[in-house]
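Let's take a walk through a protein fold together, one piece at a time. Have the sequence and the 3D view ready as you read.

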Amino acid sequence: MAIRAMLAPLGHSVIEVDSGREALRAVLRHSFALILMDVRMPTLDGYETAKLIRQRPQSELTPIIFVTAFGGEEAETVTAYASGAVDFIFTPILPEVLRAKVSAFVALFVQSQELQRSVESITNL
């Protein structure tokens with residue numbers, strides 16, 4: 001809920017889930033500009049969930065930012081990047097940092113979609 005409130009000024013659609021399994025179901029139904037994922041989740045942790053998201057061609061390139069209270073452990077950082085993370089946000093979350101990271105990834109997603117539409121319109125001529 002706190003993250004949703006921090007992101008509200010950006011006006012982007014936010015889909016919330018409560019577990020790794022729900023995250024996998026959401027990825028099957030939607031395309032995402034970015035996934036913010038807690039490292040510690042019930043049943044499937046964030047690392048396992050990220051690995052499964054990466055196995056699906058439609059979501060293998062979706063940026064994943066892990067949200068975690070634990071920082072600085074080198075082994076955990078290596079595990080996170082190996083599972084597909086592109087970045088971390090440590091708690092307590094600074095709203096300005098969160099919004100800056102989300103804005104950057106959303107802009108890249110929008111540019112990618114526009115480029116794909118341009119390529120499709122050119123190749124369909």
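Which residue in E2 is the bridge partner of aspartate 38? Keep in mind that you are looking at a predicted model. The partner is valine 67. This pair belongs to the parallel pairing of E1 with strand E2, residues 64-68, which extends over 4 bridges.

Now let's step back to the whole sheet. It is an open sheet of 3 strands in the order E1-E2-E3, and the pairing is parallel. Strand E1 (35-38) and strand E3 (85-90) are the edge strands, each of them pairing on one side only. If you compare neighbouring strands of this sheet, they are turned by 30° against each other on average, direction ignored.

Next, look for a helix that meets the sheet. Helix H4, residues 74-83, lies across E2 and E3, and it runs at about 135° to E3.

From here we can turn to how helices pack on one another. Two packed helices are described by the angle between their axes and the distance between those axes. For helix H3 (residues 46-55) and H4, the angle is about 25° and the axes are 8 Å apart. Angles under 35 degrees count as roughly parallel, so H3 and H4 are roughly parallel to each other. Where do they touch? On the H3 side you will find Tyr47, Ala50, Lys51 and Arg54, which meet Glu76, Thr79, Ala80 and Ser83 in H4.

H3 has another helix to meet. The axes of helix H2 (residues 20-29) and H3 come within 9 Å and cross at roughly 20°. H2 is therefore roughly parallel to H3, and the crossing of the two is right-handed. In this contact, Gly20, Ala23, Leu24 and Val27 of H2 meet Thr49, Leu52 and Ile53 of H3. Sorted by type, the residues of the contact of H2 with H3 are 5 nonpolar, 2 polar and no charged.

Let's finish with a detail of the backbone. Most peptide bonds are trans. Is the peptide bond from threonine 91 to proline 92 cis or trans? That bond is cis, with omega near 0°. To find the spot in your view, go to the loop between E3 and helix H5 (95-123), where proline 92 has its place.

Methods. Residues numbered from 1 in each chain as written. Predicted model: local features only at pLDDT ≥ 70, side-chain atom pairs only at ≥ 80, totals over all residues. Heavy atoms only, no water. Pairing = 2+ DSSP bridges. Axes fitted to C-alpha atoms, helices over the stretch in contact; angles between N-to-C directions. Contact = heavy atoms within 4.5 Å. Parallel < 35°, antiparallel > 145°, perpendicular 65-115°, else oblique. Left-handed = near helix turned anticlockwise from the far one by under 90°. Nonpolar A, V, L, I, M, F, W, Y, C, P; charged D, E, K, R; others polar.
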